[in-house]
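You asked for a second pair of eyes on this model before it goes further. My comments are set out as numbered points, to be read beside the structure.

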Amino acid sequence: MPASTPKKIFVVDDDPMLTLALEDYLTRKVAHQVTVFETGEACLNNLAAKPDVIILDYYLNSVHKEAANGMEILQAIKKESPDSHVIMLSSQERYGVAMQTLIKGAEQYVIKDETAFEKIAGMIDEM
Amino acid sequence: MLACSTLLYAILAFYYLSRVKRKTIHQYLVILLALSQLYSISAQTSLKPLPKPFLSVNESDILQLLTDARTSEDTMYYLLAQIDNLGGPEMHAFLLDNLTHFLAINARTLIYNDEPLRLYKEAIDLWEKGERLQSIALQKRAVNAYDKQHRVFGPNSIFPCIRLHYNELNLPEERLAYYKEKLVYYQNYGPIENTADCYHAFGGYYLLKADYNLAISHYLKAASIFKTYNADGYANAHSVVGWTYYRWGNYDKSKYYLESGLALSKKTGNYSNVQLCYIFLGLIAKQDKQYSESMKLLDTALTLIVMPRDIDVYTLLLAEKGGLLLIENKPEEALPILNRAIELRESEDLPLANYQGDFEGYFYLYQYFVMQKDWTKAEQILLMTYDKAGTSKSNRQILKLNKELAIFYNAQSKNIQALPYALAYITLSDSLRNIENTFNVSQYEEQQEAISNEVQVLGLEQEKKLQRNYFAGGGLMLLLLSAGIYSRLQYVRRVTKQLAEQNIQIEKAKLHAEQSERFKQEFLANMSHEIRTPMNAVMGMTSLLMDKKPRHDQVAYLTGIQKSSDTLLHIINDILDLSKVEAGKIDLEAIDFAIRQEMKQVKQLLDHKAIEKGIQLILHIDHNVPDVVIGDPVRLNQVLINLAGNAIKFTEKGSVTIEVGMGQGAGGKVQGVVGSSQPAVGNQQSEVEGVEFAPPENTQLLFKVSDTGIGIPKDKLDRVFESFSQAHSSDNRKFGGTGLGLSISKQLVELMGGTIAVESEEGSGTTFSFEIEYPIGSAAKLLETKSHDQMDGSMLNGLKILVVDDNEFNRTVARDTLLSKCDVEIIEAIHGQEAIDLLKEQDFDVILMDVQMPVMDGFEATRQIRETFPAPKNKTQIIALTASVVRSDLDKCRAAGMDDYVAKPFKAMQLLATIAKASGREIRHLENPASAEMPGKIGLAELSEIPIKPVTDLTYLEKFCEGDTSRMNKYISMFLDTAPGLTEQITQALAQENYEEIAGQIHAYKTKWIMMGMTDAKDLALVIEQACRESGDTISIRKNVDSLLALIQTAVSELKV
């Protein structure tokens, strides 16, 4: 199996525990370059850095009330750089939500559960 | 004059009322007329005539009626008389509420004297509160109550509604079992008409299992019974037969029954049936490729959507309409409709999709993406739909999806991915067909045909690929594989079938075991609570009477009551104990205690029993035994009392000896290696603890209890530790007791790290022995242990105490107990609201608060005091008086803001000590004296300390961090750092009733629950979040938030260690 090449990854989530864990997990085997943003706006401002993958939380305004939600950010990302790979991350175990994000251009949809980290790492390897 | 005539009517009404017992509901009408006369005369209004009965009642009619129901009592009479024939469960709840309101004005007792109605109303209330299993249990009781009146159930009455409720809970097997039981009942005792609903329920079960043949035969049987007396049931049965045939694929028969069902349902005014018939007729037209006809039928059905609860049907309709548009090659029009269907479906949390509207919606959306050639999305959606179908347990859906996935992957040349689905499809369709054709002979040909079709499908798809010269090798491989499948089919089929059968057996056994375990736990919790409440009054009042200088003969009776209630409490504790030990829910204490003292107490306690029987009780303590050790004195006491108590019970002459000496492992003196190898009385934990090599600190003690009693026969020796077994079968009666003592002792000893052994010779005596390793303790720490047994109540003098309890006997006990021991002022309230009103006017030092009370319970009252009262009243000390000993309830007490609690039944000293502590008048006692109250003390001490199962589980975190502790600590401290903030924000949001905020806060915590292994918190958080977003019941949100905060609190203390 070919070793995965290091990629530039943006993680957008306002839960510090999640971003820490995700960064921890993703940098363990491959030296991915992970940048964490607490809000979608911050991520948008840095799109010029051309990330290979963006891992985007669906529900982004639980802490920062005025922040835009993941769906809006997803649309903005897709508008600005249509070719970027977006993995949508959510605790919403609702298929309708998943459908909507996929329709709006997300590549993958991952539910935050015990297997989420593993799934994301696998997806990034395959890209 | 008016008063006089009103009185006359009242007498008349009560005369009628006294005669209504066990009469049918229609006779209420007569009574109600009398009442209404009473009401109208006293209100000086004229009597309105009863409205004419409606020919067909449907829900919109009822809604119309109910809008002015509160003013028109005549309407209510009519509805009351018709209650069995109206609406669904929601309508019943609404109706019953209105009736209750109305009757509150007239004669509140009426509905509550009618047992079935009362039970039914309670059941619906429970259902709405989300306590659904309890609700079903209550509904069943209501049905039994109706059965006593020998009633025939109408459409939409409680009996058929249980079926729907089970559906919502997705419990098909339980539902089947219930209706089977009732079928036997009605066949034996009648009314025979009620068997129709049973057959109908069976039909539903087999439909779910895709056993269409059996489903239809049961529905038709129901129909033949309904035909004579229940037009709606008859129409319903025909409609259901129609759509079962549709599922089965027999469209001719389906059409016949659907048309019949449609006509019948139109007559009875059952519009949801009419609508469903239209939908399925539309689907049949689609099968016949008459697309415009199909669209017309579906549109007709769409116009019939009236009630919001038809959402399930509505989504099916939208999905099917979207599907039709796809067929007509109008994907742009189809997409928004499909999206709407899915959105609607997602916005409703319907546990079981009766008509699979969601499933079809997703499926068509998949087809949409296929049409758009967006393979990635098509694949994702198909896989998601597959997951969803897996949870809905519908074989038909899983079958269809397996086939679709196989075809899809094959078309994508992903043969390896296609293979498992193809295999699954073939085996599943095979087993389904086996079920379906249990009563059909011509299954073989069909099967063969289907199998070769399947192979052809795979092959054809492959040919296309070959033409495109694309992955030709893969194609060849697939053909080979297909051939392989074909030849191995017989084998696979046989093995799968066997496996499936085994799995069913295992599942059944597992379910059964889980169920009975759950029932046991529930039963124990309930029993303990139910018995404790009256026991508190019995024990409390007895001891109050004892203090009132009773006559000599009265003392004898009172002592009898006291002893009997002590025994009763002891038995309850035994049963509770065993269940806790078995569930691994006992936590041991590790405190310094004077072991010699402790042993003397055991002897003192049992002395009178030995004297009564005329035998000697000897205590022997080896001089090498240290004075103070660290361990759990209560549990050690409990084991010794059990063993010695038992010994006394079974000894008629001679003696019972309790001994403690040095065990074999540690030897007499302090030694280097502790208990590393002992064969006979093996100490399982010693090896583990031996690793610590802490030589001067451990001691191995050997305890022995021997008697000269009847002994235990050899063949029974190995069974003495089993629950519910005494050596001689007649012993139970002769020696009394629950027979649980030895079983508990064995498990407690094992919990303390020892093994219990028994030696016995029949006729000459028995010896029980066990070894336990204790760290040696320090005498200094002993002084910190205090006891309140010798407290004098005077320290409480001058306090003003509010006693809040709805049970007057328990109020009396609390009041008189306090007044007899100290000089305090007592005010009483009968529920939380009254307590709050009193607190507004006066100040109290301490409030003793019962938990479960009508009007306002203790939790709510405490919360209000803490949150809405100005300082310093909001800081009034509140002590819960609770009969519940369930940990979660005690946690709730704390979460609600109570300062302490006393478990009922309580001993006087315990109550005094808790009040003293709360009011800051505590006095520290420096000794740990023996007490005559030992048995009660043991029971109560441990009851109020039901140990908790840890709420955190770091297994996942450990795996995630690959065992790296510094990493783990990083996550743990992150959790610990944020927890107080979360608690504060949630509490604040709760006070402001900002549910959106609560949902947001809780939502952001999901990863934390996962990392800390807080499964309960995770589940609870989900419930709260959903309730907050859907503006659910605020009381239950509060309740759940409290529990969540308690969980976080516990987690913090667990993780801080």
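The points below take the basis of the model, then a sheet in each chain, and then a single helical residue.

1. This is a predicted model, in which local features need pLDDT of at least 70 and side-chain atom pairs count only at pLDDT 80 or more, while totals for chains, interfaces and linings use all residues. Residues are numbered from 1 along each chain as its sequence is written, and chains are lettered from A and ligands numbered from 1 in the order in which they are written.

2. Chain A holds an open sheet of five strands, paired in parallel in the order 2-1-3-4-5. Helices (H or I, at least four residues) and strands (E, at least two) are DSSP runs, numbered from the N terminus, and two strands pair if DSSP finds at least two bridges between them. Strand 2 (33-37) and strand 5 (108-111) of chain A each have a single partner strand, so one side of each is left without a neighbour in the sheet.

3. Five bridges link strand 1 (residues 8-12) of chain A to strand 2 of chain A in the parallel sense, and Ile9(A) has Val34(A) in strand 2 of chain A as its bridge partner. Helix 1 (residues 16-29) of chain A lies across strand 1, strand 2 and strand 3 (53-57) of chain A, at about 175 degrees to strand 2 of chain A; such angles run from 0 to 180 degrees between N-to-C directions, with axes fitted as lines to C-alpha atoms, for helices over the stretch in contact.

4. Strand 11 (residues 877-882) of chain B runs parallel to strand 12 of chain B, joined by four bridges, and Ile879(B) has Asp900(B) in strand 12 of chain B as its bridge partner.

5. Thr385(B) lies in helix 20 (residues 375-392) of chain B. Is Thr385(B) buried or exposed? Thr385(B) counts as buried because it has 24 C-beta neighbours inside 10 Å; the class requires 20 or more other C-beta atoms within 10 Å, against 12 or fewer for exposed and partly exposed in between, with C-beta atoms placed from the backbone.

Conventions: Contact = placed C-beta atoms within 7 Å.
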